[in-house]
Amino acid sequence: MAAGAGAGAAARKAESVLEAPPQQEQISHTKLSAEDAWNLQQERMYKMHRGHESMHVEMILIFLCILVIAQIVLVQWRQRHGRSYNLVTLLQMWIVPLYFTIKLYWWRFVSMWGMFSVITSYILFRATRKPLSGRTPRLVYKWFLLIYKLSYAFGVVGYLAIMFTICGFNLFFKIKARDSMDFGIVSLFYGLYYGVMGRDFAEICSDYMASTIGFYSVSGLPTRSLSDNICAVCGQKIIVELDEEGLIENTYQLSCNHVFHEFCIRGWCIVGKKQTCPYCKEKVDLKRMISNPWERTHFLYGQILDWLRYLVAWQPVVIGIVQGINYSLGLE
């Protein structure tokens with residue numbers, strides 16, 4: 001009996017010794033650094049997907065087909081029903097990033113999003129009032145011009161920070177590559193996102209204000225005739241003559257001979273994304289308006305923002321549709 005008990009105790013001791021290494025390995029994993037934990041996660045992901053090459057090719061083909069179909073549908077929608085397309089796209093850009101940032105606990109973005117939404121809602125409220133105050137157009141364009149310049153600055157800083165990290169200059173300042181790259185990506189995201197949002201809201205406000213003043217109509221003829229000394233964007237009198245140098249701003253004349261406050265027509269064309277005269281809808285020569293080569297970078301930046309609105313608004317929807325198809329077909 002004693003010998004049997006001794007043998008059983010020895011067996012249990014041996015089993016405990018054999019089970020000890022996995023516990024030590026689990027403890028060591030909990031003590032890994034963030035970089036080592038990320039590498040371990042990538043290694044596990046690689047092992048899990050090894051041998052599934054044919055399935056991956058099928059998933060890529062599905063993604064490309066859905067991407068092409070979605071692009072055709074969106075282009076047709078934009079050409080046939082541009083107003084509804086812009087409104088739905090703006091709603092997508094406003095809601096989709098908020099959902100993901102709350103899900104990922106990015107409270108800094110949520111706080112900035114809330115502050116931007118509150119101020120922009122007030123500006124939108126002022127722009128849609130009837131009768132329209134004479135100070136409202138300038139208030140609207142000043143706010144969205146500020147957003148535009150800040151987004152431009154954040155975008156440039158973010159791009160430079162990313163290139164700074166790729167070239168390895170962060171090592172001279174003893175900055176970790178991950179920290180500098182994260183700063184660059186976040187700054188670039190803030191710049192592009194709020195730049196797109198600001199331009200879209202500015203376009204909506206521009207349409208409302210110009211329609212309320214009466215010198216502009218989205219479809220049809222204006223409800224008021226334009227005098228020679230009235231700005232069609234803000235509806236206020238033009239004091240400075242064309243050949244005079246103004247103390248605050250100058251007067252600008254388009255190729256159609258209609259005159260405007262320089263700040264108003266720049267806000268209308270650059271910030272409000274309008275490329276026609278607010279009164280007669282003749283095409284505006286933006287190259288003549290933006291004669292300064294440094295200002296042309298702002299115009300190019302605006303074109304980039306218009307292109308990126310598809311990625312911000314509709315790319316998550318396309319990816320969601322692709323994931324739904326993959327799930328229904330049993331592809332993982």
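Helices here are DSSP runs of H or I with at least four residues, numbered from the N terminus. In this predicted model, V156 has its place in helix α6, the helix that spans residues 136-166.

V156 also takes part in a nonpolar surface patch of about 480 Å², which it makes together with Y159, L160, M163 and I166. With a relative accessible area of 35%, V156 counts as partly exposed, because that class lies between the buried limit of under 20% and the exposed limit of over 50%.

The peptide bond that runs from K130 to P131 is cis, and its omega is near 0°. P131 is placed in the loop that lies between α5 (107-127) and α6 (136-166).

## Positive phi angles in two loops

Where is Y105 found in the chain? The place of Y105 is in the loop between α4 (82-103) and α5, and this residue has a positive phi of about 60° although it is not a glycine. Y105 is exposed, with a relative accessible area of 59%.

K174, which is likewise a residue other than glycine, has a positive phi, near 55°. The loop that holds K174 is the one between α6 and α7 (177-213). Is K174 buried or exposed? At 80% relative accessibility, K174 counts as exposed, because the class of exposed residues takes in values over 50%.

Definitions and conventions:
Residues are numbered from 1 along each chain as its sequence is written. This is a predicted model: local features need pLDDT of at least 70, side-chain atom pairs count only at pLDDT 80 or more; totals for chains, interfaces and linings use all residues. Side-chain values use heavy atoms; hydrogens and water are left out. Buried means under 20% relative accessible area, exposed over 50%, partly exposed in between (1.4 Å probe, protein chains only). Patches are made of residues with over 30% relative accessible area and no salt bridge: like charges are joined within 9 Å, nonpolar side chains (Val, Leu, Ile, Met, Phe, Trp, Tyr) within 5 Å. Accessible areas come from the Shrake-Rupley method with a 1.4 Å probe; for residues, only the protein chains shown count as cover. A salt bridge is a side-chain nitrogen of Lys or Arg within 4 Å of a carboxyl oxygen of Asp or Glu.
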